[in-house]
Amino acid sequence: MRYNLIRKMDISDGPGVRASIFMQGCEFHCKNCFNPETWDFNGGKEFTDDTIKEVLDICAQPQIKGLSILGGEPMHPNNIEGTTKLAKAFKEKYPEKTVWVWSGFKFDEYLKDKEVAKYVDVIVDGQYKDELHDFRLKWRGSSNQRVIDVQKSLKEDKVVLFED
Ligand code: SF4
């Protein structure tokens, strides 16, 4: 598995000051994707235990309120194992900080039964649809995408949207 980029400080992907990592590889190829350089599964750099350590070290800073995992597609079968390992390690080390994930896969159709869901606070799900783009939307690009409170959704066994 590979990743594209780590941002040590990100103020646009999720609430507060965060660190973010963009995983490499996506098969959805949405029209006008904001990040087409992440589509190629052979691009970017190798994702290793050192990558996880690097992210965890960045997140030790008190001003970092959480980790955002984007792509590419962090939940693609090629990537989900590494995403799970990272989210699990992060939550074990920083239970008070939040994990947000952006995925083209639907939460209730694909993600809710995956181990990774245990370690994620919020998933912004669904593929970007250019015809539904609205620049006023917060944390999502098109109105079909949902900002989901993962732990409440698991507990109540239905999709519960995140309340800001
Ligand atoms: S799912 Fe995300 S990364 Fe993949 S093509 Fe769509 S917008 Fe781009």
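Does Cys30 count as buried or exposed, and at what relative accessibility? At 15% relative accessibility, Cys30 counts as buried, where buried means under 20% relative accessible area, exposed over 50% and partly exposed in between, with a 1.4 Å probe and protein chains only. Cys26 is also buried, with a relative accessible area of 9%.

Before I continue, please note that this is a predicted model, in which local features need pLDDT of at least 70, side-chain atom pairs count only at pLDDT 80 or more, and totals for chains, interfaces and linings use all residues. Residues are numbered from 1 along each chain as its sequence is written, and side-chain values use heavy atoms, with hydrogens and water left out.

The structure holds zero disulfides, a disulfide being a pair of cysteine sulfur atoms within 2.5 Å.

Let us turn to helix 1, residues 49–59. Helices (H or I, at least four residues) and strands (E, at least two) are DSSP runs, numbered from the N terminus. Which residues of helix 1 are buried? They are Thr51, Ile52, Val55, Leu56, Ile58 and Cys59. These residues lie on the same side of helix 1, because they cover an arc of only 160 degrees around the axis, taken from the directions from the helix axis to the C-beta atoms. An α-helix has 3.6 residues a turn, so residues three or four places apart point the same way.

What do the buried residues of helix 1 pack against? Their partners are strand 1 (2–10), strand 2 (18–23), strand 3 (45–46), strand 4 (66–70) and helix 2 (80–93), with contact meaning heavy atoms within 4.5 Å.
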